[in-house]
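Me: I would like to learn how to read a few features of a protein model, one at a time. Could we take each general idea and then look at the case at hand?
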Amino acid sequence: MKVEVVGKNGFTPSDANKEYAVKKLTKLEGLIVDYENVSARVVCKVYKAFHKVEVTIPTKNIILRAEVEETDIYAAIDGAIDKLMKQVRRYNDRTKDKLGKKGIRSIEMGASSKDERIVRDKNVDLEPMSREEAIDQMELLGHDFFIYLDKETRKTNVIYVRNDGDYAVIETTAK
């Protein structure tokens with residue numbers, strides 16, 4: 001796995017911090033397909049009362065992402081790796097009986113828009129999937145919405161969690 005460890009908010013990770021993150025990420029070796037060709041980005045931030053670690057690993061079938069806040073940088077790294085391991089295991093368990101299922105292939109970060117209200121652009125590679133598969137992906141990522149290409153209608157849809165906990169779908173129509 002290729003690992004990039006960067007700091008933000010005035011924090012510069014030491015070599016020991018970087019080595020610790022790389023060592024801990026090796027726990028995912030037996031769980032991620034094509035581990036050697038996957039890249040991980042570890043972002044370490046410092047605040048007055050805590051450290052925050054964000055780890056993002058885009059794989060062929062899913063994007064793994066964990067974010068943890070702790071008083072110690074090493075504890076934050078441990079927590080993020082634990083979250084990632086749970087995500088991988090949950091994904092592997094869900095897809096074990098669904099051979100051929102594909103999730104998101106990649107999300108690429110684009111340059112920020114000139115519109116000051118937009119702080120991040122994401123390009124989503126849409127894969128055909130059922131509503132149930134879209135719900136699985138959304139829950140796995142820990143998001144409250146998910147964009148996908150419906151297998152049956154071939155339309156881009158958005159599935160989301162309503163305030164009452166139920167799911168709803170926004171179906172698109174081109175004019």
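Me: Is Arg154 buried, partly exposed or exposed?

Reply: This is a predicted model, so the values below are computed from predicted coordinates. Arg154 has a relative accessible area of 51% and is therefore exposed, the cut-off for that class being over 50%. Arg154 sits in the loop that links β8 (145-150) to β9 (156-161), and its phi is positive, about 60 degrees, although the residue is not a glycine.

Me: How should I read a helix, and what is the span of α2?

Reply: The general idea is that an α-helix has 3.6 residues a turn, so residues three or four places apart point the same way. Helix α2 covers residues 73-95, which makes 23 residues, and from its first C-alpha to its last it reaches 33 Å, close to the 33 Å expected at 1.5 Å a residue. At its N-terminal end α2 is capped by Asp72, a side-chain oxygen of which lies 3.1 Å from the backbone nitrogen of Tyr74.

Me: What does the setting of Leu84 look like, and which residues is Leu84 in contact with beyond its neighbours within four places in sequence?

Reply: Leu84 is placed in helix α2 and counts as buried because its relative accessibility is 0%. With those sequence neighbours left aside, Leu84 is in contact with Leu25, Leu28, Val55, Ile57, Leu64, Arg65 and Ala66. The C-alpha atoms of Leu84 and Lys27 are separated by 9.8 Å, while the two residues are 57 residues apart along the chain.

Me: How many residues does the largest nonpolar core have, and which have the most contacts inside it?

Reply: In soluble globular proteins, nonpolar side chains tend to be buried together. Here the largest nonpolar core has 29 residues, and those with the most contacts inside it are Leu25, Leu28, Val53, Ile57 and Leu84. Two or more residues of this core come from each of α1, β2, β3, β4 and α2, and α2 gives the largest share, nine residues. Another core lies apart from it, of nine residues, including Ile63, Met138, Leu141 and Tyr148.

Me: How many aromatic pairs does a search of the whole structure find, and how is such a pair read?

Reply: A pair of aromatic rings is described by the distance of the centres and the angle of the planes. The search of the whole structure finds two aromatic pairs. One of them joins Tyr20 and Tyr74 in an edge-to-face arrangement, with 4.8 Å centre to centre and 85 degrees between the planes. Tyr20 lies in helix α1 and Tyr74 in helix α2, so the pair ties together parts that are 54 residues apart in sequence. Tyr20 is partly exposed at a relative accessible area of 21%, and Tyr74 is partly exposed at 28%.

Terms used
Residues numbered from 1 in each chain as written. Predicted model: local features only at pLDDT ≥ 70, side-chain atom pairs only at ≥ 80, totals over all residues. Heavy atoms only, no water. Helix = DSSP H or I, 4+ residues; strand = E, 2+ residues; numbered from the N terminus. Expected span 1.5 Å × (residues − 1). Polar contact = N/O pair within 3.5 Å; in protein donor to acceptor, adjacent residues only side chain to side chain. Buried < 20%, exposed > 50% of the residue type's maximum accessible area, 1.4 Å probe, protein only. Contact = heavy atoms within 4.5 Å. Phe/Tyr/Trp six-rings, centres within 6.5 Å; stacked < 30°, edge-to-face > 60°. Core = buried A, V, L, I, M, F, W, Y, C linked by side-chain atoms within 4.5 Å.
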